[in-house]
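Here is my note on the model you sent, written as numbered points. Please keep the structure open beside you as you read.

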Amino acid sequence: MPPFEYAPAPESRAVVDIASSYGLFIGGEFVAATGGTPFKTVNPATEEVLAEVSEASADDVDAAVRAARTAYTRVWSRMSGADRGKYLYRIARIIQERARELAVLETLDNGKPIKESRDVDVPLAAAHFFYHAGWADKLGYASLGADPRPLGVVGQVIPWNFPLLMLAWKVAPALACGNTVVLKPAETTPLTALLFAEICRQAELPPGVVNIVTGAGATGQAIVDHPGIDKLAFTGSTAVGKMIARSIAGTRKKATLELGGKGANIVFDDAPLDQAVEGIVTGIFFNQGHVCCAGSRLLVQENVADEVVRRLKRRLGTLRVGDPMDKNTDVGAINSKAQLDRIAALTEAGEAEGAQRWDSGCELPTAGYWFRPTVFTDVAQSHRIAQEEIFGPVVSVLTFRTPGEAVAKANNTPYGLSAGVWTEKGSRILWMADQLRAGVVWANTFNKFDPTSPFGGYKESGYGREGGRHGLEAYVKTGSEQ
Ligand code: NAD
Ligand code: MG
């Protein structure tokens, strides 16, 4: 138990205005869907229905792609980069002005703690628009090749773990480079994307530059299959990413895929252990572990493993799990019943395969979807909990003796999105970073994001980069490319 109790510190939800139902955002207007079956989005912390959302049919997707094409040919691709930049700056500033509203709405719809949506998701979303606004008139100097030109209409499909932030990662570079967009948010977290549609109107973005269609997998598939799409940007599961790659094989469509991960967080015996424990917590318990680059495999040098696990468990006992709207909450709700079931099934498999399970034993609310911070020790590399993405607040602990063994174990995964290295030794950090087959390697920190830094995967974690100068490459063609 913590030495003192925290008084409740609830954020107010009065700052958001949620409509009872939403249409689709096509050509700058909210329009009714044609034919699909509306669905409900809930607050996963309470199971309260927040709103009814439209399901876009293939016809609706077609209308959105046409609107995006018209805006592309008539307005956006003809506009100077400096003018496009002005719109992006305007959007960035409105995100800042409406930050509290966006943070509250994100937490209600997603279940993540308000302190994370307030301090991470929303500021980073604004930062992505500011950063890309700056590039809009400088693309010719970005070493992208001679005469970088936009691709056309971009289809974007995003997941539920960072709804507004993933939208920003996708929309900001696309628009900066002169493309127009049809974006589909995830079915459990559509509300901040719909508020973003309103922000586009407030910014007087020309109609059709951004179109937002809601729905589930079938709507996403309609975007993927639409012949009017020039490029696809997808973030989500490796299974769906593979289906998308198959669907577009043999077409002229370009694609970037940001898929799953099973990141290794590697702690050497010379690391400052208390700092490393904080990094382990940030690595896997941030956002309930719903993070593709989470440090879900903890690799600890054998001679300090018992000590690290002891300190980690003690620290997990102090995490406050519960009401995401409380400003003191560290770990919020699991995003959906389906995700909770997946986490439960994989952790049961961990026990069945012989790993030792421990959880923090904290009290959980009675309504909503919850999972206690959980640690598995005695994990073998072959266990499902060491191989498969759990996407929840669960860490699997493995040990190693030498740096070479740490690298071999860290790379023993079909994924390759992220890794972390904790050591006092600079030369070892550089050597490890060179050996690890991961798109991002953090040194003595974890889960740090910045719009200037490219992010992306190796192997089954996908291809292409988002963020930084490298991220622009996915949204332009150069030279003689048609
Ligand atoms: P998902 O891949 O099913 O969904 C991601 C997005 O793709 C959603 O918007 C969804 O509606 C859409 N989609 C689903 N089927 C599609 C199809 N056939 N064509 C086009 N779009 C389609 O992921 P999920 O069901 O939300 O989560 C399942 C697993 O995915 C998680 O357990 C986790 O392992 C992984 N995941 C990874 C990330 C990431 O950031 N890399 C994010 C969310 C989930
Ligand atoms: Mg929801």
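1. Let's begin with ligand 1. Of the 26 residues around it, Gly217, Gly220, Gly236, Ser237 and Cys292 come nearest; a residue is near a molecule if its C-beta atom, placed from the backbone, lies within 6 Å of it. A word on the source: this is a predicted model, in which local features need pLDDT of at least 70, side-chain atom pairs count only at pLDDT 80 or more, and totals for chains, interfaces and linings use all residues. Residues are numbered from 1 along each chain as its sequence is written, while chains are lettered from A and ligands numbered from 1 in the order in which they are written.

2. Which helix gives the most to the shell around ligand 1? That is H7, with four residues. Helix H7 (217–225) and helix H8 (238–248) each supply at least two residues of this shell. Helices here are DSSP runs of H or I with at least four residues, strands are runs of E with at least two, and both are numbered from the N terminus.

3. By class, the shell around ligand 1 holds 13 nonpolar, eight polar and five charged residues. Ala, Val, Leu, Ile, Met, Phe, Trp, Tyr, Cys and Pro count as nonpolar, Asp, Glu, Lys and Arg as charged, and the others, Gly among them, as polar.

4. Now for the domains, whose bounds come from an automatic or database domain assignment. Domain 1 (21–259 + 461–477) and domain 2 (264–450) both give residues to the shell around ligand 1, so the ligand lies between them. The centres of the two domains, taken over C-alpha atoms, are separated by 30 Å.

5. Look next at where the domains touch: 18 residues of domain 1 are in contact with 25 residues of domain 2, contact being C-beta atoms, placed from the backbone, within 7 Å. On the side of domain 1 that touches domain 2, helix H3 (99–110) and helix H4 (114–135) are the elements that give two or more residues. H4 gives the most to that side, with four residues.

6. Finally, the whole protein. It has 15 helices and 22 strands. Buried residues make up 55% of its 482 residues; buried means that 20 or more other C-beta atoms, placed from the backbone, lie within 10 Å of a residue's own. Along the principal axes, the C-alpha atoms fill a box of roughly 65 × 50 × 35 Å.

Definitions and conventions: A residue is buried if 20 or more other C-beta atoms lie within 10 Å of its own, exposed if 12 or fewer, and partly exposed in between; C-beta atoms are placed from the backbone. Two residues are in contact if their C-beta atoms, placed from the backbone, lie within 7 Å.
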